Amino acid sequence: MVLALIVIGASIAGLAAATCIALVVSGRRFARRLREYPSFTTQSPSSPIPPVVYAAPGHEKLRELRDAVPLAEIAGTGSDAAQAIALMRWVHTLAKHSPNPPRPTQLDAAHLIRLCREERQRLNCWLFSTILNDAYLALGFASRIIHLNPSADAPRESHIVACVYLRDIGRWALMDPDMRGYMVDEQGLPIGVREVRARLCAGLPLRINGDVDMAGASWLPRSLRKSLYRWYLSKNCFRYDCPVRSEPGYESSAGRVYIQVLPSGYRPEWLAAPRITPRGNTIFSTTDESAFWASP
């Protein structure tokens with residue numbers, strides 16, 4: 001038994017060392033790419049992007065969600081940040097992670113939670129964030145799903161999180177229910193995608209929560225999980241988009257509309273006019289990061 005434990009420990013240590021080396025090498029490449037496109041501009045040559053519309057708590061699917069789940073009890077009575085973090089951590093417990101789970105026909109939290117409970121549905125970052133986004137909306141928070149993309153025009157892998165508006169501090173905050181992750185500033189207040197990207201570009205520290213999970217890799221040392229999460233964000237925080245309607249089931253519908261923010265100098269031709277994707281969705285692109293992150 002002791003010998004087996006030593007062998008297992010050595011294997012994990014070796015894997016951790018190899019992972020650290022890989023993170024350093026590829027992380028530098030992603031950091032260089034971010035530094036090549038560090039800024040945004042309010043002088044965007046594109047047409048104004050449409051505003052995001054947030055579902056009211058009285059939405060039928062949000063009432064159904066509150067009837068099925070004691071969201072207010074789960075969130076607690078603390079600050080907006082404390083409630084947002086509590087809900088994020090709860091959503092993380094609903095299912096195990098899968099990178100490519102079956103796509104449900106209904107994309108609203110009430111339905112997805114039933115699948116988790118009754119059919120042990122596994123979730124990826126998109127489905128985890130869909131549930132969390134609906135939970136925030138159901139409690140009256142403005143929230144939206146944010147699709148984080150690398151610089152590749154058609155990336156094979158990306159990441160999706162929820163961003164919730166914390167009313168008591170007037171700030172968008174990134175909440176990652178798949179990875180059980182969030183980040184804070186020097187005062188301990190959660191920060192959003194905008195601040196995370198700026199810190200990555202400048203090489204500044206990211207204050208990541210200690211229980212970040214990295215999709216189930218809890219066996220990794222805490223410091224390595226944080227390093228891995230920083231690496232993952234540096235890869236995916238190059239550009240990002242969101243649906244213009246933040247409401248239950250919107251991404252089940254056809255002909256959806258998205259808004260996307262691009263760093264200055266990247267793909268200027270995408271700014272000329274809205275693009276139509278092969279699936280028939282419309283994407284409005286802008287370099288005006290402030291417009292994208294307008295207060296609700």
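Predicted model: local features only at pLDDT ≥ 70, side-chain atom pairs only at ≥ 80, totals over all residues.

Me: Is His-111 buried or exposed?

Reply: The general idea is that a residue is called buried when its relative accessible area is under 20%. The relative accessible area of His-111 is 14%, so this residue counts as buried.

Me: How many aromatic pairs does a search of the whole structure find?

Reply: It finds 13 aromatic pairs. One of them joins Tyr-136 and Phe-141, with 6.0 Å centre to centre and 65 degrees between the planes. Planes over 60 degrees apart count as edge-to-face, so that is how this pair is read. Tyr-136 is buried, at 0% relative accessible area, and Phe-141 is buried too, at 2%.

Tyr-165 and Trp-172 also form an edge-to-face pair, at 5.2 Å centre to centre and 70 degrees between the planes. Both Tyr-165 and Trp-172 are buried.

Me: Which residues do ring pairs link into a cluster?

Reply: The cluster consists of Tyr-54, Tyr-165, Trp-172, Tyr-240, Phe-292 and Trp-293.

Me: And where does the charged end of Arg-144 sit?

Reply: You will find it over the ring of Trp-172, 4.6 Å from the ring's centre. Look at Arg-197 as well: this residue lies over the face of Phe-238, 5.6 Å from the ring centre.

Note on methods: Residues numbered from 1 in each chain as written. Heavy atoms only, no water. Buried < 20%, exposed > 50% of the residue type's maximum accessible area, 1.4 Å probe, protein only. Phe/Tyr/Trp six-rings, centres within 6.5 Å; stacked < 30°, edge-to-face > 60°. Lys NZ or Arg CZ within 6 Å of the ring centre and 35° of its normal.
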